There are 2 protein chains.
Amino acid sequence: MKYYLMAPGPSTIPERVLLEMAKPIIHHRTQRFEAVLGKVRAQLKQIFQTQSDVLLFSSVGSGAMEASITNFFSPGDQVIAVVSGKFGERWADQAVVFGLDVVRYEIEWGKAVDLNRLRELLEKHPSAKAVLCQACETSTGVSHPIKEMGQLIKSRSNTLFMVDAITAMGIYDIKTDEWGLDVVISGSQKAFMLPPGLSMMSVSQKAWEFNKVSKLPKFYFNAKEEAKAQSKNTTHFTPAISIIQGLSISLDMMLEEGLPRLFKRHARLAKATRESVKEMGLELWAALPSDSITAVKTPSGIDGEKIVSHMAQKYNVTIIGGQDQLKGKIFRLGHMGYTGEFDVLAMIGATEMTLKDLGHNLTLGKGVARALQVLHQELKS
Amino acid sequence: MKYYLMAPGPSTIPERVLLEMAKPIIHHRTQRFEAVLGKVRAQLKQIFQTQSDVLLFSSVGSGAMEASITNFFSPGDQVIAVVSGKFGERWADQAVVFGLDVVRYEIEWGKAVDLNRLRELLEKHPSAKAVLCQACETSTGVSHPIKEMGQLIKSRSNTLFMVDAITAMGIYDIKTDEWGLDVVISGSQKAFMLPPGLSMMSVSQKAWEFNKVSKLPKFYFNAKEEAKAQSKNTTHFTPAISIIQGLSISLDMMLEEGLPRLFKRHARLAKATRESVKEMGLELWAALPSDSITAVKTPSGIDGEKIVSHMAQKYNVTIIGGQDQLKGKIFRLGHMGYTGEFDVLAMIGATEMTLKDLGHNLTLGKGVARALQVLHQELKS
């Protein structure tokens, strides 16, 4: 059967991008590459909605997460880390490894940040130098209220707001400058429709001030050195050339669609997915579901891992299950990047067939019918 | 004109590899990807000539250089770093950033390690926990006597030998286990004929003992966590999926050729390049030239940077000039990876034409004729 990738990332890579990356590789110390880098730098600012530089690192997203810690802090600095899933946990653990004093704002996996609780934490920890939070916590599908969090944080001159937007940037509206987001990171394999191996980090003027006094050791992920090099359209080390060339095409595609339509499409795909899932008698896992991925509670009596493996083996559709404490309890559907309206039908159709095969009581076709109705309605408006 | 990439890396990517990477991306948490990773792990051991694991990181080579420091040492540890060019300098600087006590063995750029001098340094610094050296210093084209250095170091139970083989592994003979090389790093964009973005690091049993007591912070480049994950054919973080899929093909190509023939081909291409360069009345820069790249002294009266730019603009051949203190003084020809005998003719031919255009006194054709003679002779034996 034809292969469909409907995972929380990597997402499907468009043919235009695959073909661009399949061209003979060019050398990075050439005007030809510098022109590409200059172009993507300008385009990334548009996607990130920022006047600041968006730096590139040759790493997956976790590398940019590391850069956000080592470039702005010194050992012993206190930060408040929102821990609402696997990626929040990773960022907090990473901060601990580098000697930060981490105040964990623990949230049940599947729930979102409570603004009152965050306000309390900020009052209780006046010396906290940053708040770290996922825009979308990929492990639970939750979208945190980043705009409102920014309003609480931006008046504090000694506190940075750092946002992991790996599964959010280019999918739904993240206004970096307007919302006061000081450090925003992302990665290549989600909305940017590329292979994993390139990460991005925007740095506000306020964050650069923190960089000046930061004492943590940094070399591979040295933001200042990269900013210096990248402002001249080159990189400090050999860059991930082919992914950057692919990025040039995927950014064209994103900007040709335009941010309003890009966000609206993702909202439409997400809404159709959520509505069909409910139509099948299933429950959404996330209290505040993101428009990038949909986490679904496994119906009782069925092993969530079995849903994933059956769908892969029988229908050649890749979705992904839960991680760590959510293993078996949820499955996650990805509908970001190079995903069209009718791909949602494929994803929902395969989910229906799989659940039916595994003994779940449902009337085949109700899910796809609901998806079609929602999509049709949304396409009108 | 047709494009030829004859640089010290990235090197040309074979069509088979480009096409493999242009296939729809697969998810990394699948049996299909695990099978690929298991295969390349076994093949990498053959190329590295080691029984130890060869770990993969989603970074360019400088990331693996960082891993070699943060995973085996604690602040204040003393290491001896061979500094014979830009990459030796980078490794030493990196060690300083992470708080190591770095004894720099400075060598004139273009000269090789002197074993007596190294012996003296080892005697003078009995507590040195490692010697860091490039197998090939890419900035000068020098090949250091790694085998002989290993003999001096391996009897010292408290000293690791760390080798940057980014521009050497898979090009000429590096016997990791037999020569007592404890940590050997490499990168994807040289002999492995891939885009930059994947690095490799082999770790000996002796080095793992150092890892146990290492106190430097590590997270993105955590060798122990990666070893744990990769032993199960998965990775700690999202891996550089498409490059690893390409690696599976390029390793097939390397092992189909076989190590003896692979090394012999590179030796042949290098010899032909060196002989033709001399035939043109030019001098080699490296005292002990490597078989991966050839650094050539710019003839007096000609700017080395002009040679590179003229060759690119007029003949669409990419070679690279000197870096830092060697800028303008040398130019570097790459002949590694997916390079055949007749590609040397293209490279030497373009060099001859360029030098002639820039006013160097030479009889056009003497270089390519000499290359042909050497290649013909070497192909007989």
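Two strands count as paired here if DSSP finds at least two bridges between them. With that in hand, let us start with a pair in chain A of this predicted model: strands E3 and E4 of chain A run parallel to each other and are joined by 6 bridges. Within that pairing, A:Ala81 sits opposite A:Arg104 of E4(A). Strand E3 covers residues 78-83 of chain A, and 5 of its 6 residues are buried, so the rest of the structure largely encloses it.

Strands of a sheet pair through backbone hydrogen bonds, either parallel or antiparallel. In chain A, 7 strands make up an open sheet with mixed pairing, and their order is E2-E10-E9-E8-E5-E3-E4. Its edges are strand E2 (54-57) and strand E4 (101-106) of chain A; each has a single partner strand, so one side of each has no neighbour in the sheet. On average, and ignoring direction, neighbouring strands of this sheet are turned by 20° against each other.

A:Leu55 stands opposite A:Met201 in E10(A). Helix H8 (residues 223-230) of chain A packs on the sheet at this place, touching E2 and E10 of chain A, with its direction at about 105° to that of E2(A).

Is A:Leu56 buried or exposed? A residue is buried if 20 or more other C-beta atoms lie within 10 Å of its own. A:Leu56 has 24 C-beta neighbours inside 10 Å, so it counts as buried. Leaving aside residues up to four places away in sequence, A:Leu56 touches A:Leu198, A:Met200, A:Gln230, A:Pro239 and A:Ile244. For a sense of distance across the chain, A:Leu56 and A:Asp357 are 301 residues apart in sequence, and their C-alpha atoms are 45 Å apart in space.

The loops have points of interest too. Between strand E9 (183-187) and E10 of chain A lies a loop that holds A:Met193. The phi of A:Met193 is near 60°, a positive value in a residue other than glycine. A:Met193 has 28 C-beta neighbours inside 10 Å and therefore counts as buried. Elsewhere in chain A, the loop between strand E1 (4-5) and helix H1 (15-21) contains A:Pro10, which is joined to A:Gly9 by a cis peptide bond with omega of about 5°. In chain B, B:Gly9 and B:Pro10 are likewise joined by a cis peptide bond, with omega of about 5°, and B:Pro10 lies in the loop between strand E1 (4-5) and helix H1 (15-21) of chain B.

Let us stay with chain B for a sheet of 3 strands. This open, antiparallel sheet has the order E11-E14-E13. Strand E11 (293-297) and strand E13 (320-321) of chain B are its edges, each pairing on one side only. Between E11(B) and strand E14 (residues 330-334) of chain B there are 5 bridges, in the antiparallel sense, and B:Ala295 has B:Arg332 in E14(B) as its bridge partner. Helix H10 (residues 259-279) of chain B lies across E11 and E14 of chain B, at about 10° to E11(B). In the loop between E13 and E14 of chain B you will find B:Asp324, which has a positive phi of about 50° although it is not a glycine. B:Asp324 has 10 C-beta neighbours inside 10 Å, so it counts as exposed.

Step back now to chain A as a whole. Its secondary structure comes to 13 helices and 14 strands. A compact globule of 381 residues would have a radius of gyration near 21 Å, and chain A agrees, with 21 Å. Of its 381 residues, 59% count as buried.

Finally, how do the chains relate? Chain A can be laid on chain B by a turn of 180° and a shift of 0.0 Å along the axis, with an RMSD of 0.0 Å. That is the relation of a two-fold axis. Among the residues of chain A, A:Ser59 comes closest to the rotation axis, with its C-alpha at 2.5 Å. The copies meet through the same surface, because 100% of the interface residues of chain A are also interface residues in chain B. As for confidence, the model scores ipTM 0.94 and pTM 0.96, and the mean pLDDT of chain A is 97.

Methods
Residues numbered from 1 in each chain as written. Chains lettered and ligands numbered in written order. Predicted model: local features only at pLDDT ≥ 70, side-chain atom pairs only at ≥ 80, totals over all residues. Least-squares fit on C-alpha atoms with pLDDT ≥ 70 in both. Contact = placed C-beta atoms within 7 Å. Helix = DSSP H or I, 4+ residues; strand = E, 2+ residues; numbered from the N terminus. Axes fitted to C-alpha atoms, helices over the stretch in contact; angles between N-to-C directions. Rg over C-alpha atoms; globule rule 2.2 N^0.38 Å. Buried ≥ 20, exposed ≤ 12 C-beta atoms within 10 Å, placed from the backbone. pLDDT = per-residue confidence, 0-100.
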